[in-house]
Amino acid sequence: MSKSTKPRRRAVPRFVPVLLIAAVAAGGMWWWSQRTAAGGEDAWRTTPVERGDIRVVISATGTLSATSTVTVGSQVSGQITEVLVDFNDTVEQGQVLARIDPATYQAQIEQGSAQINSARAALAQAQAALRNAELDYERKTALAGQQLVARSDVDLARTALEQARAQVRSAQAQIVQQTASTQTSRINMERTVIRSPVDGTILTRSIEPGQTVAASLQAPELFTIAEDLRKMRIELAVDEADIGQVQVGQAVTFTSDAFNDRRFSGTVEQVRLAATTTNNVVTYPVVVAVDNADGTLLPGLTVNAEIEVSNRENVLKVANAALRYRPADAADIPAAQPAGGSAPRGGGLADDLAAAAAAMQLDARQQAAFDSALATMRESQQAARPSGQGGQGGGGRSGGMPAGGPPPGMPPGGSARSDPGVQAQIRQRMMDRFQQTFAEFTATLDATQRAQWNRTLAATVGATRVTIYRLVGGRREAVPVRLGASDGSATEIAGAVAEGDLIVTGERAAAR
């Protein structure tokens, strides 16, 4: 009888249990990290970095008026006999507006003409007496030479001659005087006809036929003429806190209660220096030029205007709450590490200068000089970067200080940064350093380009830089950024941030 054989069981590989244990451990670790990250993210209030537009405006109120308004008065007194124009009439230069009774001046002209004739008759009489005196003097002079008359008779004849000549000159002066007086009367009679000095529109009329005007001490106002209502202006009262941002050429939009469905536009034409103080509030007048080609706008309308001081399009921005966040443990928060560890510090300062240069339309020689200076700047910034640099001590602002630490030669420390004097020194040193770095590039620019470059450099160096805190994997990291325009709710930022980054704005209260 043959022995029965048992089926052989297949052996389980030894490495399978090891793989199972490793898989379970990895799953547990992944679950725990996700839970930790979620818990970390839940511990902070955040806001994302967004891309969009920031429009900064200054609000002010003012009144519309004609660009040029002429007040027409009267230089003579009298009774108004005719008024030939009315409110809103369009008039041309030289057109008759009104007439004053000229009877008084006509009488003065006739009287002056009579006085001129009288003076001419007196002149003729004086000239006749002069001729007689001349003949008498000649005779006596001849007789005196023959010693037939006394020398005293000759002297008397000479005196009579001189008196006759004086009488002639006096008569001639009387004619000139009376002629001038009559000419004055003629001018005054011409002034009884009131004419328009300009082309324009009658805004006000202050007289009626039969009314008497008296031009004794000052000319009475008869009409007000707006020279050209197709061009108007607004005089805005801008607060002293905002006047520093207002520049000639900035765009202005405004509305009026008279036209609720329309929005009008204008341009800043003048920023006047004559400040006005009302209830301890200082305002400055800003004149805005407005095109009124369609004639819609009317003089005297009250308007609510917005002066656009900055309009940044397609920029990175973050809610202002992120800029106000100051963690108590700021010193322990690590700094964000740029990709490759070679990005320049400064919150995008080099990129800002590159963008400014691109907008200047440089030629090949200028572009080469700029690229060389920019490369030198980047190398200098990289050499000045401390190894293992940590985050800044807090989210406070450091006006003009490079993010990531003070420039070489300046003392570190938050207390120094809060000192306005130290900040001014930092900005000046940075400006001097950049001017030296870009000296060869600046030498290639023309006057207009150089002025534009200097403005850009001053604005970039003087920009405010802060530290914000980005949340990555449930942990915060300090990111230095440069601030730009702000509309009150969001602020433009530049630096090592990207759209969608979560920026910490505060801590959530622990759940009980």
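Phenylalanine 259 is partly exposed, with a relative accessible area of 21%, whereas phenylalanine 264 is buried at 8%. (Buried means under 20% relative accessible area, exposed over 50%, and partly exposed in between, using a 1.4 Å probe and protein chains only.) Keep in mind that this is a predicted model, where local features need pLDDT of at least 70, side-chain atom pairs count only at pLDDT 80 or more, and totals for chains, interfaces and linings use all residues. Residues are numbered from 1 along each chain as its sequence is written, and side-chain values use heavy atoms, with hydrogens and water left out.

Now for the rings. The structure holds nine aromatic pairs. In one of them, the ring centres of phenylalanine 259 and phenylalanine 264 are 6.1 Å apart and the planes meet at 75°, so this pair is edge-to-face. (Rings of Phe, Tyr and Trp, the last by its six-membered ring, pair if their centres lie within 6.5 Å; planes under 30 degrees apart count as stacked, over 60 as edge-to-face and the rest as tilted.) Tyrosine 325 and tyrosine 469 also pair edge-to-face, at 5.8 Å centre to centre and 90° between the planes. Tyrosine 325 sits in the loop between helix H4 (320-324) and helix H5 (349-358), and tyrosine 469 in strand E18 (residues 464-472), so their pair ties together parts that are 144 residues apart in sequence. (Helices, H or I with at least four residues, and strands, E with at least two, are DSSP runs numbered from the N terminus.) Both tyrosine 325 and tyrosine 469 are buried. Elsewhere, Phe370, Phe438, Phe441 and Trp453 make up one aromatic cluster.
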